[in-house]
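This report goes through selected local features of one protein chain. The sequence and the structure come first, and the description follows.

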Amino acid sequence: MMWNRRSSVSKSISIQLLEPIVFIGSNIETSPVIRGTVNINFQKSYILEKLQIDFNGLMKTEWKQAEKTKQNQQSIAASHLQLYPSSESALSPPLLLNSGSTRFSFEMPLSAGIPETISCSQVNVEYNITVSLYYKKDGSSLMHEEIKEPIVLARLPDSGMIAGENYPATIDSHKHFSNWCQYRITIDTKSAVLGSKLPLKIEIAPTVKELRLKQVFLQLVEKRVITPTEDNIDRTSQSVHFLYPAKGTMLSLPNRPLNQNWQGDCLYQIPDDKTISHSTQKYNNFRVSHLLLISLQISVPDSTNINSRHTTRTISFQTQIDLLDSHVAQLGDREFTKLPSYDCPISMEEIETLKRHGLGMECPPTYEESLLVI
């Protein structure tokens with residue numbers, strides 16, 4: 001069951017957001033900010049009485065209880081910003097807006113901890129922003145127009161910084177031992193955008209003779225936990241999705257027994273948001289998480305059955321993976337979500353430059369002194 005967004009249209013007002021997609025950090029206490037401009041376009045001159053912005057969020061959840069489907073709907077965000085007058089109690093003179101376009105810029109901080117936008121079979125979180133305009137002409141009655149637009153809150157991945165360094169966050173099984181081989185599975189990232197490609201690398205060192213690698217299977221397990229406010233009991237459901245090599249790629253499996261170390265890599269296609277949901281943080285009423293299961297199907301000599309030359313065994317590795325909203329793909333390869341190391345030592349060349357300008361290292365230079373160096 002999916003919910004659709006609706007928007008309204010006004011002839012006199014429009015809204016332009018600086019960031020149509022509001023990206024929030026992986027820290028659940030991050031306070032997102034909406035920035036933009038409200039445009040008022042009058043064909044005639046009017047007197048502006050009031051101009052305000054409202055941000056609202058709605059959460060809908062669905063779960064099974066005693067073989068019955070139950071639903072809940074509740075408000076999860078409500079912020080108000082008065083553009084004119086500056087506050088509800090302010091006594092401001094009438095503001096005459098001449099014909100043509102008039103712009104009002106705004107910045108609206110939102111509450112920390114509000115959930116990201118999501119739409120899947122059991123949970124839907126959507127947000128909208130409403131601009132309300134009240135105006136009149138001399139001697140006429142008060143007129144009202146409003147416009148409502150959807151707005152998306154998308155969570156950024158964890159930067160993966162360890163001890164202040166920008167080490168890339170990867171999935172690494174490290175070296176594992178089975179009865180038939182040593183193996184290692186690595187993926188270059190711990191988070192991936194819906195609809196993107198997942199780079200997989202497999203390394204195998206056989207410890208028995210005649211070991212064959214027959215198949216490699218990848219599965220995504222989506223786990224949805226709904227926690228209704230009425231009883232605060234977790235209701236869990238899940239679905240399983242197979243991953244296949246991306247178009248134009250394939251994992252080349254060896255066609256002979258492995259008599260030496262072998263490695264292979266392949267790009268696997270992650271489904272888009274029409275098939276699965278993105279992962280979320282743990283919120284009071286819901287959480288969506290994903291588990292990646294990698295299975296290696298091997299064939300080895302069967303020492304227990306003399307009538308069968310080989311037997312099939314399966315080696316499995318599983319790990320959590322953070323699937324991101326498809327809107328995060330708009331960021332491309334930009335790395336502004338990562339911060340430089342806090343402890344960044346100054347080079348010898350920079351020290352010599354400072355000394356030539358009479359700036360020692362006993363204390364930091366002032367802003368004006370720094371400009372002189374440049």
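## Salt bridges

Lys-136 is partly exposed, with a relative accessibility of 29%. The model described here is predicted. The side chain of Lys-136 forms a salt bridge with that of Glu-49, at 3.6 Å from N to O. Lys-136 belongs to strand E9 (residues 123–136) and Glu-49 to strand E4, so this pair ties together parts that lie 87 residues apart in sequence. Glu-49 counts as partly exposed too, at 33% relative accessibility.

Side chains of opposite charge can pair when their charged atoms come close. The count for this structure is nine salt bridges, and three of these pairs are described here, starting with the one above.

Asp-172 and Arg-184 meet through their side chains in a salt bridge of 2.5 Å, N to O. This pair links distant parts of the chain, with Asp-172 in strand E11 and Arg-184 in strand E13 (residues 181–187), twelve residues apart. Asp-172 has a relative accessible area of 23%, so it is partly exposed. Arg-184, at 33% relative accessibility, is also partly exposed.

Is the pair of Glu-222 and Arg-224 buried or exposed? Glu-222 counts as buried because its relative accessibility is 4%, under the 20% cut-off. Arg-224 is likewise buried, at 9% relative accessibility. In the salt bridge between Glu-222 and Arg-224, the closest N and O atoms are 2.7 Å apart. Elsewhere, salt bridges that share partners join Glu-19, Arg-35 and Glu-107 into one network.

The three pairs are listed below.

| Salt bridge | N to O distance |
|---|---|
| Lys-136 and Glu-49 | 3.6 Å |
| Asp-172 and Arg-184 | 2.5 Å |
| Glu-222 and Arg-224 | 2.7 Å |

## Backbone features

Most residues other than glycine have a negative phi, and most peptide bonds are trans. Some places in this chain depart from that pattern.

His-174 is not a glycine, yet its phi is positive, at about 60°. His-174 sits in the loop between strand E11 (171–172) and strand E12 (176–177). With a relative accessibility of 51%, His-174 counts as exposed, because the cut-off for that class is over 50%.

Glu-210 also has a positive phi, near 65°, and is a residue other than glycine. The loop that holds Glu-210 runs between strand E15 (197–206) and strand E16 (212–226). Glu-210 is partly exposed, at 30% relative accessibility.

The peptide bond between Tyr-84 and Pro-85 is cis, with omega at about -10°. Pro-85 is in the loop between E5 and strand E6 (95–97).

## Cavities

Rolling a probe the size of a water molecule over the atoms shows where empty space is left. How many cavities of 30 Å³ or more does a search of the whole structure find? The search finds two.

The second largest cavity has a volume of about 40 Å³. Strand E4 (46–65) and strand E5 (68–84) are the elements that give two or more residues to its lining. E4 supplies the largest share, three residues. Among the lining residues of the second largest cavity are Met-59, Trp-63, Gln-74, Ile-226, Pro-228 and Asn-285. By class, this lining has four nonpolar and six polar residues, and no charged ones.

## A nonpolar surface patch

Phe-217, Phe-242 and Tyr-244 make a nonpolar surface patch of about 320 Å². Phe-242 lies in strand E17 (residues 235–245). The relative accessible area of Phe-242 is 41%, so this residue is partly exposed.

Key:
Residues are numbered from 1 along each chain as its sequence is written. This is a predicted model: local features need pLDDT of at least 70, side-chain atom pairs count only at pLDDT 80 or more; totals for chains, interfaces and linings use all residues. Side-chain values use heavy atoms; hydrogens and water are left out. On a 1 Å grid over the protein atoms alone, a cavity is a set of points where a 1.4 Å probe fits but cannot get out, and a pocket is an open set with protein on both sides within 12 Å along at least five of seven lines; lining residues have an atom within 4 Å of a point. Grid points are joined across faces, edges and corners, and a volume is the space filled by probe spheres set on the points. Helices (H or I, at least four residues) and strands (E, at least two) are DSSP runs, numbered from the N terminus. Ala, Val, Leu, Ile, Met, Phe, Trp, Tyr, Cys and Pro count as nonpolar, Asp, Glu, Lys and Arg as charged, and the others, Gly among them, as polar. Patches are made of residues with over 30% relative accessible area and no salt bridge: like charges are joined within 9 Å, nonpolar side chains (Val, Leu, Ile, Met, Phe, Trp, Tyr) within 5 Å. Accessible areas come from the Shrake-Rupley method with a 1.4 Å probe; for residues, only the protein chains shown count as cover. A salt bridge is a side-chain nitrogen of Lys or Arg within 4 Å of a carboxyl oxygen of Asp or Glu. Buried means under 20% relative accessible area, exposed over 50%, partly exposed in between (1.4 Å probe, protein chains only).
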